[in-house]
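Hi,

Here's the structure I promised to pass on. Have a look at it first, and my notes follow below.

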Amino acid sequence: MRIDNLTLFPEIALAPLGDSIIRRARDAGLAEVYGHNLRDWSEDKHRRVDDSPCGGGPGMVLQPGPLRAAITELKKENTRVILMTPQGVPLKQARVRELSSESHLLIVCGHYEGIDHRIVETLIDEEISIGDYVLTNGAIAAAVLCDAVIRLLPGALGDDRSSIEESFSDP
């Protein structure tokens, strides 16, 4: 499985994935995880990727231009594009299990007040939330999703029965 995290803070998305079970799964080639800085797709000389919301209001949103360019470049034929957002569908173990069978996840990490809704409508396959609270950015949520998915990959836990007998396993 390949997982690409698109964020303003790639180091935050990747930091928790460098130890323990996830590290062993990555070292064994079960999962490839990458962090991409959205600013790399900015055409602004200052590498800005934020702007005021179209309809007004407080805060900033991520611009559609850099998001569209990054998603278009990173997305392959078999990619599932996920936006981490507090407004998304709550993440449950059953969905994690389904996502673990995908070959490529592209996780878009929200920031500020979110992302331009035109991107959600045209390029995002699903929106996921890890809980009813707001984090500083979506990179933290992306790390949680990555951990939950990678540990379910065959061979990641050492004994494939381990994930079947866990607290939130499907009956």
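Glu126 is buried, at a relative accessible area of 15% (buried means under 20%, exposed over 50%, partly exposed in between, with a 1.4 Å probe and protein chains only). Bear in mind that this is a predicted model, where local features need pLDDT of at least 70, side-chain atom pairs count only at pLDDT 80 or more, and totals for chains, interfaces and linings use all residues. Residues are numbered from 1 along each chain as its sequence is written, and side-chain values use heavy atoms, with hydrogens and water left out.

So what does the side chain of Glu126 pair up with? It makes a polar contact of 2.9 Å with the side chain of Arg80 (a polar contact is a pair of N or O atoms within 3.5 Å; within protein, one must be able to donate a hydrogen and the other to accept it, and residues adjacent in sequence count only if both atoms are side-chain atoms). Setting aside neighbours within four places in sequence, Glu126 is in contact with Arg80, Val81, Ile82, Leu83, Arg95 and Leu99 (contact is heavy atoms within 4.5 Å).

Glu126 sits in strand β7, residues 126–129 (helices, H or I of at least four residues, and strands, E of at least two, are DSSP runs numbered from the N terminus). β7 belongs to an open sheet of five strands, ordered β2-β1-β6-β5-β7 with parallel pairing (two strands pair if DSSP finds at least two bridges between them). β2 (32–37) and β7 are the edge strands with a single partner each, so one side of each has no neighbour in the sheet. From one strand to the next, the twist averages 30 degrees (axes are lines fitted to C-alpha atoms, for helices over the stretch in contact, and angles run from 0 to 180 degrees between N-to-C directions).

Strands β1 (residues 2–7) and β6 (residues 104–109) pair in parallel over five bridges, and Leu6 stands opposite Val108 in β6. Helix α3 (residues 64–74) packs on the sheet, touching β1, β2, β5 (79–90) and β6, and its direction makes about 170 degrees with that of β6. Helix α6 (residues 138–150) also packs on the sheet, touching β1, β2, β5 and β6, at about 160 degrees to β6.

α6 is mostly covered, with 10 of its 13 residues buried, including Leu145, Cys146 and Ile150. At its N-terminal end, Asn137 caps α6 with a side-chain oxygen 2.8 Å from the backbone nitrogen of Ala139.

Cheers
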